[in-house]
Every structure is written in C-alpha cells, then in structure tokens.
Amino acid sequence: IIQRYLRYVLIRCTGYTNDKAQAQRMAVYALVTACLLFDKLRRLGQLGSLVEMMVKIAAEDPTPELPFDPQGDAHAREPIFVLNGRMCEVAGAINGLDPFARELLILHHIERLEVATLADAHGVSVDDIGRALAEAEGQFIELLRGLSAWDDETGADVHALLVELADCIDLPWAESLGAFALRYAAEWNE
C-alpha cells in the first residue's frame, strides 16, 4: 500500500498544501490508516477510495497544528515539490480530476501498473479500465489546457507530464516518510 500509494498521496496533498510539515502529517495519517483498514475492504479496488478519503480527512483536520518534528521548524517551510509554473499546472490538473480518474492515471503512468492489473483490482474488464483510462487522460488534458497557455494545437504527453511531476518529489524525504508510516502501521498491528 505504501509503495503504490505514497506518491499518489503526496500528489494529492498538493491540492491542499505544498508545505512538508503539513503534508507529512497528512500523508502519515492517510497511509497508516489505509494499512490498518485494508483488511476491512471487500475488494482491492476500494483501496483508492479509502486513501482518497483519508487524505481529505487529514487535510481538513480541524484540530490545532501540533509540531510533528521535535527537532524544530527547519523543514516547516520546505516544499514537497519544487514546481515551476508548468508543473504547478500539472499538479492542479491532476488534483482537479475525480478520485477514480486520478487514481488510474497515477497508478498507471507513475507507478506503472498495467491495465490488466488495474482491471483485476477493481473487478472490471480490461476494456472498461482501458476506456476509463482514456477518458481520464482526455479530462486531464482538458483541465490542463484550461489552466495553462497551451493551445488546442499542442499535444500533451500525459505519461511524460505525470512522470515529470513525480520526479519533482523530494524522493529521499518521501522514502523516509514511507518507511516511518510502515513502521508505525507495523507497530500498531502487533
């Protein structure tokens, strides 16, 4: 779960913040909760909805901010993503999609899950996932064009844009965050 959904969660966090301290709290809550509730799901395809819901709950948490990093505020203002204007538009477009479309695009283009694997996880046919993926790509391009100066004549390579967005993640930080969430979930399950 953490390996497949870490970048999804971090990309999703850009819909709320680009601050590492806030995103760290949101991501850990979302990932650990998804791990702990995984066995309650009826099918694997519900995992994306669970992760999406947990990011939303963590992002909209009304409790006062508590310091997460006991070593101080050194990372408090650091961004998760170092985004230029174009990548800000890509992040805006991916976060503007409905959760299922966003999940398909991220898992297929960034995490490299095959269409057949996605179809199996969601309990639908390969053709259905193929159509949903093509529709999600079309919606993404449409949103991107609405957010940017790109014209209709210019083709957008969805795969290349999403991979470039994922490459903007502070990878060592993200990996340590994933390891922390995994340790926390494992301790909770003991």
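Is Cys-35 buried or exposed, and what is its relative accessible area? In this predicted model, Cys-35 is buried, with a relative accessible area of 18%.

View 1. A disulfide is a covalent bond between the sulfur atoms of two cysteines.

**View 2. Helix 4 and the helices against which its buried residues pack.** Helix 4 spans residues 85-95, and its buried residues are Met-87, Val-90, Ala-91, Ala-93, Ile-94 and Asn-95. The buried residues of this helix pack against helix 1 (2-13) and helix 5 (99-110), and also against helix 7 (126-147) and helix 8 (158-167).

**View 3. The crossing of helix 1 and helix 5.** The two helices pack at an angle of about 125°, with their axes 10 Å apart, and helix 1 and helix 5 are therefore oblique to each other; the crossing in which helix 1 passes helix 5 is right-handed. Helix 1 contributes Arg-4, Tyr-5, Arg-7, Tyr-8, Ile-11 and Arg-12 to the contact, while helix 5 contributes Pro-99, Arg-102, Glu-103, Ile-106, Leu-107 and Ile-110. Of the residues in this contact between helix 1 and helix 5, seven are nonpolar and five are charged, with no polar residue present.

Definitions and conventions
Residues numbered from 1 in each chain as written. Predicted model: local features only at pLDDT ≥ 70, side-chain atom pairs only at ≥ 80, totals over all residues. Heavy atoms only, no water. Buried < 20%, exposed > 50% of the residue type's maximum accessible area, 1.4 Å probe, protein only. Helix = DSSP H or I, 4+ residues; strand = E, 2+ residues; numbered from the N terminus. Contact = heavy atoms within 4.5 Å. Axes fitted to C-alpha atoms, helices over the stretch in contact; angles between N-to-C directions. Parallel < 35°, antiparallel > 145°, perpendicular 65-115°, else oblique. Left-handed = near helix turned anticlockwise from the far one by under 90°. Nonpolar A, V, L, I, M, F, W, Y, C, P; charged D, E, K, R; others polar.
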